[in-house]
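Me: I would like a close look at one residue and the part of the fold around it. Keep it brisk, please.

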Amino acid sequence: MASSTSMLTQQVKGRVYNYEYCMGGTSGDRGFFAPVDFAVGPEGRLYVISSGFEFYSQYAGLTACTLDHEILWSDRGLTFGANRESAFPKSIALDSQERVYVADDYNNQIYILSRDGEYLDSWGSKDVGKGVTNDFSGRAFKLYLRKVSGQISPEGELNGPAGLAFDQDDNLYVVDAHNHRVQKFTKDGQFLSVWGSYGTGDGQFDTPWGITIDKEGDIYVADWKNHRVQKLSPDGKYLATFGGPGSGDGELNYPAGVAVDREGDVYVADWGNDLLKIYSPDGSFLTTFIGDANEPARWAQDRINVDPMVQRKRQLVDLTPTWRFWRPIAVNVDDEGRIMVLEALHHRLQIYRKEKGWLAPDYIDGAVTPGN
């Protein structure tokens with residue numbers, strides 16, 4: 001495991017968080033380029049999607065790596081299927097066999113890959129974008145038409161699939177963003193159920209994005225344009241709301257990603273505020289992370305080391321802004337308590353850890369008591 005670089009410690013209501021290190025950067029085949037989502041596999045394997053921006057599709061693709069900065073494989077300029085469709089990946093999830101599911105928000109497809117990156121299959125709506133390879137302006141125009149048309153696709157069809165999450169039965173939940181709903185499928189693409197509609201009420205959505213499922217089977221959806229996260233039961237019943245529009249404590253501005261740890265604490269990538277917000281299971285606000293990457297990622301440092309001009313420039317400017325989050329877009333928490341925050345515009349992951357069983361040595365009248 002990579003060593004810690006800062007070990008910034010934050011203590012909040014019996015919880016202790018340490019900043020550890022960051023990884024990524026736009027460093028050739030080893031880096032990420034405008035990453036939009038990632039999944040965490042067994043033994044710390046990471047699968048990171050790069051979108052490459054609208055006019056840089058050659059950088060779009062998927063990178064498999066380890067938390068120790070080892071690249072396992074990388075595939076840029078993804079093309080899939082019989083028609084060699086260009087993939088415009090938006091989100092990713094792993095099934096119980098570590099097969100990789102990638103949502104394409106242009107072709108309205110769910111692509112399935114092996115853990116080694118081999119294309120296996122795909123399913124989803126194919127009526128828009130089929131066979132398109134390099135039609136960047138066409139993609140932008142069609143996405144715009146979808147957003148403004150207000151048309152809702154039939155059940156089982158997708159329009160701008162965003163977040164993906166598997167439940168314990170290997171059913172796949174797909175955030176159907178431009179239809180303002182969540183759909184449930186088998187992992188082979190058989191439609192099972194749907195819930196949600198456009199609106200601001202409980203259980204309604206406005207262009208939702210990220211999704212996660214906790215150990216109880218409850219579902220959390222980042223309700224992007226409603227500036228909140230909604231918690232739903234496994235059958236789609238509304239349970240609770242986290243956040244609300246704004247920039248204050250506990251408020252959100254276009255939340256993109258959401259994760260839940262084993263204790264039920266909720267982590268939200270607050271894209272518009274450039275922050276990570278953390279809530280307790282009952283919805284009360286706990287704390288905010290601002291980003292603490294005071295040393296470059298290893299791949300980025302390798303690039304700095306061979307460029308004297310970059311080294312000189314870094315000596316002449318205040319680097320503090322580069323430590324902070326810049327458009328955090330996805331978050332995951334693993335069973336080891338690692339909190340991983342993906343930044344779209346700093347092209348990296350910042351990694352924290354929630355300590356287990358930590359006690360503060362508060363000496364009161366000679367006695368040691370747990371910290372608050």
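Leaving aside its neighbours within four places in sequence, which residues is Arg15 in contact with?

Reply: Arg15 is in contact with Gln10, Asp265, Ser280, Pro281, Leu286 and Lys354, once its neighbours within four places in sequence are left aside. Contact here means heavy atoms within 4.5 Å.

A word on the basis. This is a predicted model, with local features needing pLDDT of at least 70 and side-chain atom pairs counting only at pLDDT 80 or more, while totals for chains, interfaces and linings use all residues. Numbering runs from 1 along each chain as its sequence is written, and side-chain values use heavy atoms, with hydrogens and water left out.

Arg15 belongs to strand β2, residues 15-24. Strands (E, at least two residues) and helices (H or I, at least four) are DSSP runs, numbered from the N terminus. The relative accessible area of Arg15 is 19%, so it counts as buried. The cut-offs are under 20% for buried, over 50% for exposed and partly exposed in between, with a 1.4 Å probe and protein chains only.

Two polar contacts stand out. The side chain of Arg15 meets that of Asp265 at 2.6 Å. It also reaches the backbone oxygen of Lys13 at 3.0 Å. A polar contact is a pair of N or O atoms within 3.5 Å; within protein, one must be able to donate a hydrogen and the other to accept it, and residues adjacent in sequence count only if both atoms are side-chain atoms.

Nonpolar means Ala, Val, Leu, Ile, Met, Phe, Trp, Tyr, Cys and Pro; charged means Asp, Glu, Lys and Arg; the others, Gly among them, are polar. The structure holds one cavity of 30 Å³ or more. On a 1 Å grid over the protein atoms alone, a cavity is a set of points where a 1.4 Å probe fits but cannot get out; a pocket is an open set with protein on both sides within 12 Å along at least five of seven lines; lining residues have an atom within 4 Å of a point.

The largest pocket holds about 1300 Å³. Its lining has 46 residues, with Val40, Thr212, Ile213, Asn332 and Val333 nearest the centre. They divide into 22 nonpolar, ten polar and 14 charged. Strand β3 (35-40) is among the strands that each supply at least two lining residues.

From β3, move to its partner. β3 and β4 pair in the antiparallel sense over five bridges; pairing takes at least two DSSP bridges. Pro35 stands opposite Ser50. Four residues lie between the strands of this hairpin, where Glu43 takes a positive phi near 60°.

β4 itself (residues 45-50) is largely enclosed by the rest of the structure, because six of its six residues are buried. Arg45, Tyr47 and Ile49 point one way, while Leu46, Val48 and Ser50 point the other. β4 also pairs with β5 (residues 61-66), antiparallel, over six bridges. There Ile49 has Leu62 as its bridge partner.

Note on methods. Points joined across faces, edges and corners; volume = space filled by probe spheres on them.
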